[in-house]
Amino acid sequence: MSYWDHVKPVRRARAVAIDDMARAAGGLLDEGGVQALTVRALAGRMGVAPASLYSRVESADDLLDLALDHTLAHDADLQRRMEGTDLIGLYLAYYRHLRRHPWAPRVIGLRAPRGPAYLRLSERFCALLEDDGAADPLTTAYAMSNFVIGSAMTDPIVESERESPVDDEIAPVYARLHARHDPDAEAIVDAGLRALHGLPV
């Protein structure tokens, strides 16, 4: 269940602002990953009692939802790209966003994003694909999004991939191609997006 399925009404005049909670939660996640975000840790960061946060959210899962949406909504490059019509450019901006917030792909793997910023992004992906004449815009959007999320999640291994030897007796073709390959994570993502959308690579 998403935070947006059970938003708590504000019952206290001095209730903690949801936007402040989302911003502080995103900071904790950027600094220490998913394990760093607890209600107690966030309360300490904000200088309030945990009960103050529980008056606005049910659990740390709600905080993940809020942080995920807040960081997306405040990514200036991605928001600027959403105003244009370059689908591949928008997906690449989303990929760069996920690389800047390496906890985000993991959270998305656990909880479907349903906040307003993510809904606007999904809407833009679908609208651009529909405008491009995609036979099934939603399936294509899911395929491209899942590819970007997975690529961002595995991005740390790209740097070491070049240095990892390939046994040419077991995989001779792979070894030959690997020996002359210069991995560029974003170029690989760009090529994959184009292939998924049926564009020249």
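# Notebook: pockets, rings and salt bridges

I started with the lining of the second largest pocket, whose residues split into eight nonpolar, three polar and two charged. A reminder to myself before going on: this is a predicted model.

**Entry 1, second largest pocket.** I looked up the volume, and about 180 Å³ of space lies in this second largest pocket. Its lining has 13 residues, and those closest to the centre are Thr154, Ile157, Val158, Ala185 and Ile188. I then checked which elements give two or more residues to that lining, and they are α9, α10 (158–161) and α12 (185–196).

Next I went to the largest pocket, which comes out at about 400 Å³. I find 17 residues in its lining, with Pro113, Arg114, Ser122, Tyr142 and Ser145 the closest to the centre. Here α8 and α9 (137–154) are the elements that supply two or more residues to the lining. I sorted the lining by class too and got 13 nonpolar, three polar and one charged.

How many aromatic pairs does the structure hold? I get four of them. I took tyrosine 3 and tryptophan 4 to begin with: their ring centres are 5.2 Å apart and the planes sit at 85°, so I log the pair as edge-to-face. The cut-off behind that call is over 60 degrees between the planes. Tyrosine 3 is buried at 4% relative accessible area, whereas tryptophan 4 is partly exposed at 29%.

Then I moved to tyrosine 91 and phenylalanine 125, a stacked pair with 3.8 Å centre to centre and 0° between the planes. This pair links distant parts of the chain, with tyrosine 91 in helix α6 (residues 87–100) and phenylalanine 125 in helix α8 (residues 116–131), 34 residues apart. Buried or exposed, I wondered about tyrosine 91? Tyrosine 91 has 0% relative accessibility, so I wrote down buried. Phenylalanine 125 is buried as well, with a relative accessible area of 3%. I followed the ring pairs onward, and they join Tyr91, Tyr94, Tyr118 and Phe125 into a cluster.

Side chains of opposite charge can pair when their charged atoms come close. I searched the whole structure for such bridges and found 13.

I opened arginine 111 with aspartate 65, where the side chains meet at 2.8 Å, N to O. Arginine 111 is in the loop between α7 (103–110) and α8, and aspartate 65 is in helix α4 (residues 60–73), so this bridge ties together parts 46 residues apart in sequence. What about burial of the two partners? Arginine 111 counts as buried because its relative accessibility is 14%, and the limit for buried is under 20%. Aspartate 65 is buried too, at 4%.

The arginine 80 bridge to aspartate 77 was next, with the closest N and O atoms 3.4 Å apart. I place both in helix α5 (residues 76–82), and since they are three residues apart there, about one helical turn separates them. Arginine 80 is exposed at 52% relative accessibility, while aspartate 77 is partly exposed at 22%.

Glutamate 186 and arginine 96 form another salt bridge, with 2.7 Å between the closest N and O atoms. Which helices do glutamate 186 and arginine 96 lie in? I find glutamate 186 in helix α12 and arginine 96 in helix α6, so the pair ties together parts 90 residues apart in sequence. Both partners are partly exposed: glutamate 186 has 24% relative accessibility and arginine 96 has 22%. I also noted that salt bridges with shared partners join Asp77, Arg80, Arg96 and Glu186 into one network.

Last stop was alanine 24, which I found in helix α1 (residues 18–32). Alanine 24 has 13% relative accessibility, so I count it as buried. What does alanine 24 contact, leaving aside neighbours within four places in sequence? I get Leu42, Arg45 and Met46.

Technical notes
Residues are numbered from 1 along each chain as its sequence is written. This is a predicted model: local features need pLDDT of at least 70, side-chain atom pairs count only at pLDDT 80 or more; totals for chains, interfaces and linings use all residues. Side-chain values use heavy atoms; hydrogens and water are left out. Helices (H or I, at least four residues) and strands (E, at least two) are DSSP runs, numbered from the N terminus. Buried means under 20% relative accessible area, exposed over 50%, partly exposed in between (1.4 Å probe, protein chains only). Contact means heavy atoms within 4.5 Å. Rings of Phe, Tyr and Trp (its six-membered ring) pair if their centres lie within 6.5 Å; planes under 30 degrees apart count as stacked, over 60 as edge-to-face and the rest as tilted. On a 1 Å grid over the protein atoms alone, a cavity is a set of points where a 1.4 Å probe fits but cannot get out, and a pocket is an open set with protein on both sides within 12 Å along at least five of seven lines; lining residues have an atom within 4 Å of a point. Grid points are joined across faces, edges and corners, and a volume is the space filled by probe spheres set on the points. Ala, Val, Leu, Ile, Met, Phe, Trp, Tyr, Cys and Pro count as nonpolar, Asp, Glu, Lys and Arg as charged, and the others, Gly among them, as polar. A salt bridge is a side-chain nitrogen of Lys or Arg within 4 Å of a carboxyl oxygen of Asp or Glu.
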